[in-house]
Amino acid sequence: MAVLGLALMAGSATAQGIQQTKGDFEDKFRQLDEVLADPNVYRNAAGEPGYQYWQQEADYEIAVELDEENRRITASQTVNYTNNSPDTLRYIWLQLDQNRYKRDSIAEMTRTFSAKSQGSVNQRSAKTPRLSLRSLRREQSMTDIEYGYDITRLEGDNGEPLEATLVGTLMRIDLDTPLAPGGSFEFELDWEYNILEQKAVGGRSGFEHFPDDEREGGNDIFLIAQWFPRLVAYSDYEGWHNKEFLGSGEFTLEFGDYEVEITVPDDHIVSSTGVLDNPRDVLTATQRARLDRAVDADRPVFVVTPEEAEANESSNPSGSKTWVFSADNVRDFAWASSRKFAWDAQGFSQPGADFETVMAMSFYPKEGGELWQKYSTASVIHTMDVYNRFAFDYPYPTSQSVNGPVGGMEYPMITFNGPRTTLQDDGTRTYTMAEKVFLVGVVIHEIGHIYFPMVVNSDERQWTWMDEGLNSFLDSVAGYEWDPEMPWTRSIPRDLTSYMVSDNQVPIMTQSDSVLQLGPNAYGKPSAALHILRETILGREKFDFAFKEYSRRWKFKRPTPTDFFRTMEEASGVDLDWFWRGWFYTTDHVDISLDRVFHMEMNTEDPDIDYARLRADRDGEPAKVGVTANEAEGKVTWVERFPDIRDFYDENDIYTVTNKDRNSYKSFLDGLNDIDRRVFDRAVEEDAEYYALEFSNVGGLVMPIILGLEFNDGSVEKMYIPAEIWRKSPHKVSKLLIFEKGKELTQIIVDPDWETADADLENNYFPRRITPSRIEAYKSSRSFSFARRDIMQDSTVELKTDEDDDE
Ligand SMILES: [Zn+2]
């Protein structure tokens with residue numbers, strides 16, 4: 001309740017005027033419009049871009065050089081910014097994501113200390129804070145190296161320096177001449193920064209060092225993203241999206257065209273957003289021929305084989321090479337570079353699309369091994385296959401998966417994915433089931449992000465769920481279409497129940513950096529909600545139409561939550577306000593309990609029938625305990641001892657029918673009008689089985705009631721009662737079910753297929769079942785204690801040296 005109140009107040013002023021002060025009734029079906037943004041000419045009440053929808057454009061030309069030795073990049077960039085808004089801009093904002101890693105950034109200064117860490121033998125009490133080696137490594141890296149941009153030149157296209165002001169991860173550039181609607185502004189800047197070591201510092205890009213490679217000094221994989229100063233989004237609903245980059249909330253950007261020249265050591269292989277414009281300068285004739293062959297191949301073709309990649313590991317550059325990539329209509333640009341990369345490719349055909357052949361490609365070091373050879377590019381293609389059906393044809397010419405230190409991250413046409421094999425003592429590489437699930441899952445997920453939010457451009461710095469939730473939903477659809485036997489987790493309703501009953505959570509509709517437990521909140525819960533919407537509430541036909549409509553409407557545009565909610569409702573034709581309200585604006589969970597069930601028989605009102613039934617009911621009751629005990633003891637009753645005392649009432653019990661009763665039955669029938677008489681006669685004749693089911697809503701979230709019904713003839717039925725049953729009584733409802741005579745219920749199960757995320761299954765059974773479970777015998781484990789050490793014996797142990805370890 002409190003949470004809902006807050007959301008209402010935050011949503012609109014009008015909602016504050018509504019107060020329910022009598023009783024505890026809560027209208028869970030109240031229209032959501034008072035919470036949603038007001039429709040206008042830019043985004044209309046149907047959830048579509050309005051007739052005056054606009055968005056800005058930012059085009060970039062960048063020349064960047066990777067200094068492998070010093071792990072530093074230096075770049076020169078030209079930006080052309082077009083103001084399509086109706087507003088005149090006196091300044092523009094850039095986002096400098098690398099400045100998040102400056103020591104004095106808001107993100108660094110507000111990092112909180114987490115006492116949780118690896119165990120240590122010196123722990124005296126659980127309350128003493130501990131510092132993990134991982135945390136120490138990060139602290140050391142932050143101390144040793146200065147991160148963030150060094151901007152060495154900033155000037156307008158007239159060559160004059162521009163005024164700029166740094167505000168955290170943002171930079172404001174003041175314009176000498178205000179930028180009028182329809183105008184464009186070109187400016188140039190030079191900058192450089194130190195690439196962070198991802199494994200030490202974290203984040204979504206950086207280098208990873210491989211000290212064990214044969215090459216002197218080892219090798220690195222460079223994943224370069226959020227690397228150049230990018231225009232902050234300017235929108236009709238937010239103005240400048242100038243929210244500090246704190247780490248969780250990713251970003252939103254403007255679409256634009258890119259021309260990027262990437263100069264790297266000449267033995268490196270580069271993977272990048274866009275299309276390679278100068279293959280003749282950077283690829284061998286063999287590599288180009290292999291790429292050509294990959295276009296029509298039905299399995300991935302190596303452009304650089306694993307053997308070649310392993311040989312490259314020990315090479316040394318003789319100079320540098322410049323790889324030129326161009327990309328149109330993308331909202332960002334990322335790349336990766338290493339001499340460790342093997343490279344495979346396979347064309348994905350989508351007839352009728354803007355790009356009828358998409359090159360699906362993977363780049364990975366030997367550590368990726370067979371896991372990557374088998375599954376990476378295949379997963380890229382499978383993703384496009386599935387997502388194209390749900391959204392739109394893949395709108396770019398390439399689709400890539402690159403292995404590196406980042407567990408999973410997406411950029412237009414390129415994704416970073418982490419899973420690897422493990423080297424065994426015998427030199428082979430193996431991987432676990434978990435790594436396999438991780439690889440296929442993460443590639444699907446990250447390639448899926450190229451649709452959401454790289455094309456359907458929602459703002460992840462504000463609403464993580466808009467891309468993570470939608471994408472987790474679709475990636476789980478794709479996962480089950482890949483192989484339902486794999487142990488996928490986290491995205492379907494049954495995976496979310498323990499999270500949804502937990503206390504430490506906020507509504508899905510919470511700004512990204514304030515979300516507690518980002519995984520279940522922004523990925524799992526919205527995904528589960530969409531599964532329920534698709535499979536249970538709307539059905540596939542209505543859901544898929546509406547979801548595709550949302551994707552089509554907002555492809556290459558900038559949707560808000562309001563646009564999503566409205567489109568799904570408008571296009572499906574189903575009022576879903578209650579659903580968005582419950583699932584997205586509250587922290588209620590699903591728990592419907594079937595409390596009581598009554599089985600009823602229709603009275604005929606005919607005393608000759610009904611009284612006999614009543615007598616049978618009475619005779620069916622268990623005998624009185626004291627009386628049976630008396631009989632067992634051989635007690636003789638008074639009436640047995642003196643039988644002559646018996647009278648009329650010994651022959652007639654209280655259910656004896658008299659003519660008076662028959663007369664009143666006749667007058668009852670005579671008193672019915674024709675219609676009532678027909679209804680009554682039919683009911684008596686059918687003599688159906690009537691059941692009254694009493695439900696309570698323990699979790700608070702109103703949901704459809706799905707019933708699995710089992711009958712005495714062995715048959716089974718599934719019944720769907722829409723959520724609207726709760727509209728006038730959100731806490732308790734009863735439902736009457738009628739079956740033909742003799743068809744009696746033996747078991748009722750609420751949500752028998754676990755499709756609604758009902759958190760307590762036991763109260764779903766009527767009659768209640770014996771809860772199946774397993775018991776574990778366990779030994780209590782004692783924690784370390786100085787006092788319990790056997791110092792006498794331990795003192796005799798010999799000291800181990802490094803030489804011992806080498807043996
Ligand atoms: Zn994601």
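Reply:
**A strand residue and the parts around it**

Gln-400 is a residue of strand β21, which covers residues 398-403. Strands here are DSSP runs of E with at least two residues, helices are runs of H or I with at least four, and both are numbered from the N terminus. The model is predicted, so local features need pLDDT of at least 70 and side-chain atom pairs count only at pLDDT 80 or more, while totals for chains, interfaces and linings use all residues. Residues are numbered from 1 along each chain as its sequence is written, and side-chain values use heavy atoms, with hydrogens and water left out.

With a relative accessible area of 2%, Gln-400 is buried. Buried means under 20% relative accessible area, exposed means over 50%, and partly exposed lies in between, with a 1.4 Å probe and protein chains only. Setting aside residues up to four places away in sequence, Gln-400 touches Ser-271, Ser-272, Gly-274, Met-361, Phe-363, Met-413, Ile-414, Thr-415 and Ile-447. A contact is a pair of heavy atoms within 4.5 Å. Arg-100 is 300 residues from Gln-400 along the chain, and their C-alpha atoms are 27 Å apart.

Next comes helix α10, residues 433-449. This helix has 17 residues and spans 24 Å from first C-alpha to last, close to the expected 24 Å; that expected span is 1.5 Å times one less than the number of residues. Of the 17 residues of α10, 13 are buried, so the helix is largely enclosed by the rest of the structure.

Helix α11 covers residues 464-482 and contains Asp-475. Asp-475 is buried, at 14% relative accessible area. Beyond its neighbours within four places in sequence, Asp-475 is in contact with Tyr-387, Ile-444 and His-445. His-449 is 26 residues from Asp-475 in sequence, and 9.4 Å separates their C-alpha atoms.

Pro-453 sits in the loop between α10 and α11. The peptide bond leading from Phe-452 to Pro-453 is cis, with omega near 15°. Another cis peptide bond, with omega about -5°, joins Phe-766 and Pro-767. Most peptide bonds are trans, and most residues other than glycine have a negative phi.

Two residues have a positive phi without being glycine. Arg-71, with phi near 45°, belongs to the loop between β1 (57-67) and β2 (72-82), and is partly exposed at 23% relative accessible area. Trp-754 has a phi of about 55°; Trp-754 lies in the loop between β31 (745-750) and β32 and counts as partly exposed at 40%.

As for the rest, the chain has 23 helices and 32 strands. Its radius of gyration is 35 Å, well over the 28 Å that the globule rule gives for 807 residues, so the chain is more spread out than a compact globule. That radius is taken over C-alpha atoms, and the rule is 2.2 Å times the number of residues to the power 0.38. Along the principal axes, the C-alpha atoms fill a box of roughly 125 × 85 × 55 Å. Among contacts between residues at least 6 apart in sequence, 75% join residues at least 24 apart.
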